[in-house]
Structures are given as C-alpha cells and as structure tokens.
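Subject: Structure for your review

Dear colleague,

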Amino acid sequence: MSLIMSVFGFEGGQELNPFLGLNEFLSAALACRCLAGTVDLGHIAEIAACIEMTIPFRKPKDGKDCAQLLFERMQSTRDSFDLDLPDDRLVVATQRAVAMANRDVGNFSTEDPAHFLSNTWILLPESNITLRHTLVFRISNFTLALKKMEGFFSFLDPSVVYVSFRGSPSDETLNDLTERARQNLGVALKYMRCKLLGISVLAALAELTGGDAPVAMFLGDLPEPGYVSPSIEDFILPPPFDETSVVMAAKEQGGEQNGPDSSVGRRKDTSKNGKGNDKEGKDSGREKCPQSKATTEVGSIDKTVYNLLRCGREAESSFDLKHSPLAAYLYGLMGDAGLEASLEYVVHPMTKEGARKVLDSVPNDAVRKIANACAGIALTRAEKLREIAKEYGD
C-alpha cells in the first residue's frame with residue numbers, strides 16, 4: 001500500500017477527494033493487492049502508474065503536467081523501495097500510462113457529437129441518484145443534473161483532456177485530439193444549455209400551477225413497447241432545419257393550439273396488427289441530419305446542436321428520450337442570442353418570482369404553445385396551465 005501511495009503522491013492520513021483520485025487509488029489498491037505475490041514490485045508500480053494517469057482533467061502544477069509529475073514520482077518510488085526500474089524503463093512506463101489515460105477519455109475526440117453526448121448522458125445517473133428512478137424523478141432533479149453538467153462543461157479546459165510525454169503521442173496528434181475535444185465540448189455545452197432552458201420552462205410552469213412534479217407528468221411517459229401515451233411531441237414537433245425557414249416554422253407552430261388529435265407531430269400506430277408503437281424513442285433509429293451552421297432572422301443557430309436536439313443522440317438512456325422536441329423548438333425560435341438571454345433568469349430551485357422571469361424571457365407564443373401542450377398531458381393541472389396560456393396569448 002505504501003508503494004501505491006508513493007506512485008499517487010498521497011500521504012498517510014490524507015483525506016481523498018472523490019474527484020481527484022479516490023476512485024483511481026482504490027482501483028489501483030485492489031488490482032495490486034490481487035497481483036501481489038504474482039508479479040514483482042516493479043510491475044506493481046507500473047500498473048499503479050497506468051491507473052493513476054486515468055485521473056482526468058488535471059491542470060499543470062508548477063509548470064509540469066501530470067505525466068511529468070508521475071514520471072518524477074516513479075523515480076522517487078524506485079529509489080525509496082529499491083526497485084529495478086532504470087530511467088529508460090520509467091519513460092516507457094509513463095508513456096504506456098499516458099496511452100491508457102488518453103484511451104480512457106477517447107470519447108472526447110470522437111468525430112460524431114451524437115456519440116459524445118450519448119456517452120455523457122450515460123454518466124448522468126452516476127452522480128445524480130434520483131435519475132436512476134426513471135418513473136418518478138422530478139423536474140427539479142433533472143434541472144439540477146443539467147445545471148451540474150453544464151457547469152462542468154463550462155469550466156473544462158480542452159487542453160487538459162489529453163496529455164503527452166516525451167513525444168508520445170506526437171504534438172500533431174495531441175493537437176488534433178485537443179481540437180476535436182474543443183469542438184465536442186462546444187457542441188455539448190450549447191446542447192446542455194438548450195436542454196436546461198427547456199426544463200426550466202417546465203419548472204416555471206410547474207411552480208405556478210402547484211409546485212414541483214415528476215417530469216413525466218408534464219412531458220409524458222417514456223416510450224415502452226406496445227404502449228402509447230400522450231407526450232410532448234404530440235403537441236410540439238420541431239421542423240427540419242432549413243437556413244431560411246426553421247424560425248418561421250417554429251413561429252407558425254407557436255401560433256397554433258394543437259391537441260392530441262392534431263396532425264402536427266401526432267405519432268400514429270402503423271404496425272400491421274395495430275398494436276405496435278412507432279413513437280420516436282426506444283424503437284426508432286436516430287435520424288441522419290446534416291451538420292453545418294446558419295444565420296436566421298433571430299441570429300446565429302448552430303445546425304449541429306439543433307439537429308441533435310431534434311433528431312436525437314446516438315444511443316438511448318434509461319431516463320430521457322434521445323431527442324428533445326421542446327428544447328429544439330425553443331432553440332429554433334430564439335436562436336443563440338435568445339437562449340443566452342433567457343438563461344440569465346434560470347434558477348434552481350425554482351421560485352414563483354423566478355418562474356415569472358423565465359416565462360417572460362421566452363416569446364409569448366412559445367409560452368402559450370408549451371402551456372397548452374402540457375395541459376394535454378398534466379390533466380390535473382390543465383385548468384391552471386390554460387390560464388397561463390391565455391395570459392401569454394393576450
């Protein structure tokens with residue numbers, strides 16, 4: 001155990017931070033304990049080094065990055081425990097550890113933002129226990145989870161995602177990995193902010209009609225085979241992206257009051273026996289959407305982000321639809337400038353005063369449209385929701 005502590009740079013009595021090496025240290029301790037007596041201490045140190053390097057997103061300290069600091073700790077560990085580890089072997093061991101660490105965060109450099117977001121979504125329940133209870137988690141629970149992830153992406157420096165040691169990987173490869181991470185983080189951050197605005201509008205409506213409630217009460221149940229229930233996409237279906245028409249199409253939807261029997265966005269059962277479920281979600285593949293950027297009459301809209309919201313992430317999650325019709329609708333209607341302006345009023349936990357500020361920051365047509373849509377799902381709050389829709393329709 002002392003050898004592993006030396007490789008990690010930990011000291012006896014030190015309180016370990018869950019975000020700065022606790023999990024990795026425990027993994028190394030277990031692995032090396034299992035291998036004790038099977039491999040020599042030199043190999044134990046090298047294994048511990050590989051696991052230590054998977055502690056992610058560390059900034060340089062005193063001008064040295066985490067790989068250089070690990071190499072120096074390995075030198076110190078060798079001297080303290082009299083290990084047969086010459087410097088050339090330590091260089092190779094550190095490069096091996098760097099390669100493992102870079103593979104561990106390989107998702108950040110994927111060329112498909114939908115794949116990156118899918119992996120990000122899988123991690124949300126790990127740090128948000130309430131999301132594991134897929135049938136009952138509340139609007140406030142989802143809002144908090146999104147705020148935490150949005151905050152993390154806001155402060156994550158792409159330059160610390162990947163690391164190199166003495167030319168491995170090369171500067172060219174490292175720069176390419178870092179740039180792709182920068183692009184994915186940019187897309188993910190805007191995507192998170194769109195989702196955050198959408199759930200905040202729901203939180204505002206919930207607060208003004210009786211308080212916090214399960215997400216399913218306002219958006220509908222997650223799709224299940226053989227079961228179709230009212231859902232937000234029955235009422236709000238974002239149009240395909242078009243550089244000249246996406247905003248106008250969203251505005252036209254905002255002016256309509258589509259009910260469950262409307263042809264706009266209505267999911268139909270088209271299976272042969274009439275009992276199937278063709279609801280977008282768990283039974284459908286992700287629509288292939290083109291990716292580019294465009295400027296509309298509301299200003300800049302990122303087509304990649306819009307299509308990820310409208311068409312969906314790559315993989316399913318247990319607690320959320322792949323696609324986000326509400327967030328896509330708002331983003332298409334408001335654009336980047338409107339999104340950023342409204343996010344200034346997003347608060348958690350939601351209050352009645354905060355609810356009014358959020359709704360007032362969104363176009364009246366959108367508030368009316370969303371309130372009427374939720375009234376068709378949250379039946380016990382339908383009357384109050386329609387009152388809000390009427391108020392913002394005047």
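In these notes, a helix is a DSSP run of H or I with at least four residues, and helices are numbered from the N terminus. Phe57 is found in the loop between helix H3 (41-52) and helix H4 (66-81). Please keep in mind that this is a predicted model.

Backbone angles

Most residues other than glycine have a negative phi, and most peptide bonds are trans.

Asp82 sits in the loop between H4 and helix H5 (87-104). With a relative accessible area of 70%, Asp82 is exposed, because the cut-off for that class is over 50%.

Two cis peptide bonds can also be pointed out. One joins Ser168 and Pro169, with omega at about -5 degrees; Pro169 belongs to the loop between helix H7 (139-155) and helix H8 (171-208). Another joins His348 and Pro349, with omega at about 0 degrees. Pro349 is placed in the loop between helix H12 (325-343) and helix H13 (352-360).

Helix H15

Which residues of helix H15 (residues 382-391) are buried? They are Ala382, Leu385, Ile388 and Ala389. These four residues lie on the same side of H15, because they cover an arc of only 125 degrees around the axis. The buried residues of H15 pack against H8, helix H9 (215-219), H13 and helix H14 (364-375). On the face turned away from this buried side, H15 carries the exposed residues Glu383 and Lys390.

Cysteines

How many disulfides does a search of the whole structure find? The search finds 0 disulfides. Cys32, for instance, is in no disulfide: the nearest cysteine sulfur belongs to Cys34 and is 9.2 Å away, whereas a disulfide requires two cysteine sulfur atoms within 2.5 Å. Cys32 counts as buried, at 4% relative accessibility. Cys66 is buried as well, with a relative accessible area of 11%.

With kind regards

Notes. Residues numbered from 1 in each chain as written. Predicted model: local features only at pLDDT ≥ 70, side-chain atom pairs only at ≥ 80, totals over all residues. Heavy atoms only, no water. Helix = DSSP H or I, 4+ residues; strand = E, 2+ residues; numbered from the N terminus. Buried < 20%, exposed > 50% of the residue type's maximum accessible area, 1.4 Å probe, protein only. Arc of directions from axis to C-beta. Contact = heavy atoms within 4.5 Å.
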